[in-house]
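This report covers the charged side chains of one protein and how they pair. The sequence and structure come first.

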Amino acid sequence: MQVTIEDVNTVKKILHIEVPEDKVVSQVDAAYNNLKKTAKVNGFRQGKAPRAVLERKFKSDVHAEVVNALIQSSLFEAIQENKLMFIGEPVVSMTDLDPNAAYKYSATIELMPDLGQIDFSGLKLTRKVYEGSEDEVEAQIEMVRKNLARRVVIDEVREAVENDFVLLEYEGLVDGKPFDATPKVENASHKIGSAALSRDFDDQLIGMKQGDVKAFTIDYSPTYINKSLAGNSVAFTVKLNAIQKEVLPEVDDTLARQVGDYQNMEEVRNVIRENLKSGYDKRSEHDLNEQIYQALIDRMNFEVPDMMLKYELAGIIAEAERAFMMSGITLEQIGKTREDLEQEYSGLAEKQVRRHLILGGIIKQEKLELTDEELEEGYMDTAKAINQPVEGIRSFYRANPDKVEYFKHTLLEKKALKLIIENSDVEEVKETFDEK
C-alpha cells in the first residue's frame, strides 16, 4: 500500500492512498465467492451460478462492498502507520473500482493542533473589585415595588401622555378585512411608549381622553421587526376606555412578607446586598478570565480544526435559539436567519475553541487531576447555582456518565485558571456601579 500525505495546513491533511492490485483482485474474488453461496439466480441452483452471470447481475453491489472494505482496512492502517492523531470522521473521496487494477482514493482528516510547551506564567492581569452601594439596594426595592404595583383607573379626565397605562378597545383591518395579527380586543392594558404595536401606534394615543374614539392607519415597513405586521397597511379603530395609574406598595413589613419569607425590610435589604455581591464577584471573575483567555491567545499562534469550529458554532447557535424560544421570540421576528447567526457568532466560536484547547493543553501539561473532595465541591456549587438538592445533582451525573466526564473537564478548566492566576501578576482595582 502506498500513502502520500498532502499538507493542507498544520491541522488538516489529505491522504492519497493506493491499494495494490493483488489485494483488490483478492477482495473482489472473495466477494464473488461469498455471493455465489447465497445468491438466487433464475436457471441455476443455489451456489452454482457462474461468476460471469453474477457479475452481470450484482456488479454494482459487489463493487460498492469491495470499495467499502478496502477503504475501511487501508485508511486506518495508513493513519496508524503515520501516527496521525485525528479527530472526528475522515472525509473520503471515493473513486470507481477497476477489479483488475490498484484502487486509488483520498481521505481528508483533521488533527489536534500541537501546542507545544504552554507558557502561562507572568501574565499582567487586572482584577476589578466591584463595590455596591445602598442606592443600588434601594433601586432593587423600587423594582420590587413596581412588580407588585396595582393599576387603578384615575378619576381625572385628562389627555393621555407618554408612559401612561391605558385600557383600550381596538381592531386593525387590512383591505377592510379582519387581520390575524391585530384582532379585535377589549380592555387591553397598554403602556404608551412600549411600542408593542409600533411607535407610530403609540404616538396616535397621545392626547386622547377617556371615551375618545380614533381611526388611523399605520403603514408597516417591509423590514419591520414583527414579521406578521411587516409590509402591511393596517387601519386601526381605537377607543380609549380609561387611563390608569400605578399604585406602589409601601416599603414596610407587609412588603417584606409579600416578597418572600421575610419578617421585615432589613432582611430583604440584606438578601439584596448578598445577591449584588454575588453578582459582582461573578462579574469580576468573568472579567479576569476573559483577560487570561485573550492574553494566552495572543501569546500562542496555532491553527484550529474546522470540525471543532463547526461543533462549537452549532452549540452556540443552539443555545441562542433556546434563549430566543424561552423569550417567546423567533428569528423571523428579529429579522435574522440561521446563516446570520453563524456569521455573527463565528468569531466567538473560534475564540472558545482556542480557549478550550489551551486550557486542555495546560491540564495535560501540568498533569492536573480532580480529588474526590473537589468533585463533591463541584456538585455542591452546581446545586447552589440552580437551587436544587445536591443529591439530585449526584444522581443526575450517576445516570449520565458521559456528562460526568464533561463536568469533570469543566472543573479541571477552572483548576487550570486558578493555577494561571497564581502564576500571574494581578493588580486589584476598585470599581463602583456608578463608575461602570
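E350 is partly exposed, with a relative accessible area of 32%; partly exposed is the class between buried (under 20% relative accessible area) and exposed (over 50%), computed with a 1.4 Å probe on protein chains only. The structure is a predicted model, in which local features need pLDDT of at least 70 and side-chain atom pairs count only at pLDDT 80 or more, while totals for chains, interfaces and linings use all residues. Residues are numbered from 1 along each chain as its sequence is written, and side-chain values use heavy atoms, with hydrogens and water left out.

E350 forms a salt bridge with R354, that is, a side-chain nitrogen of Lys or Arg lies within 4 Å of a carboxyl oxygen of Asp or Glu. R354 is buried, at 15% relative accessible area. Both residues lie in helix α8 (residues 338–365), four residues apart, about one turn of the helix. Helices (H or I, at least four residues) and strands (E, at least two) are DSSP runs, numbered from the N terminus.

A search of the whole structure finds 26 salt bridges. Among them are the following pairs.

| Salt bridge | Closest N and O atoms |
|---|---|
| K13 with D7 | 2.9 Å |
| E350 with R354 | 3.1 Å |
| E18 with K104 | 4.0 Å |

E18 is partly exposed at 25% relative accessibility, and K104 is exposed with a relative accessible area of 51%.

A polar atom of the E136 side chain does lie 2.9 Å from the backbone nitrogen of S133. This is a polar contact, meaning a pair of N or O atoms within 3.5 Å; within protein, one must be able to donate a hydrogen and the other to accept it, and residues adjacent in sequence count only if both atoms are side-chain atoms.
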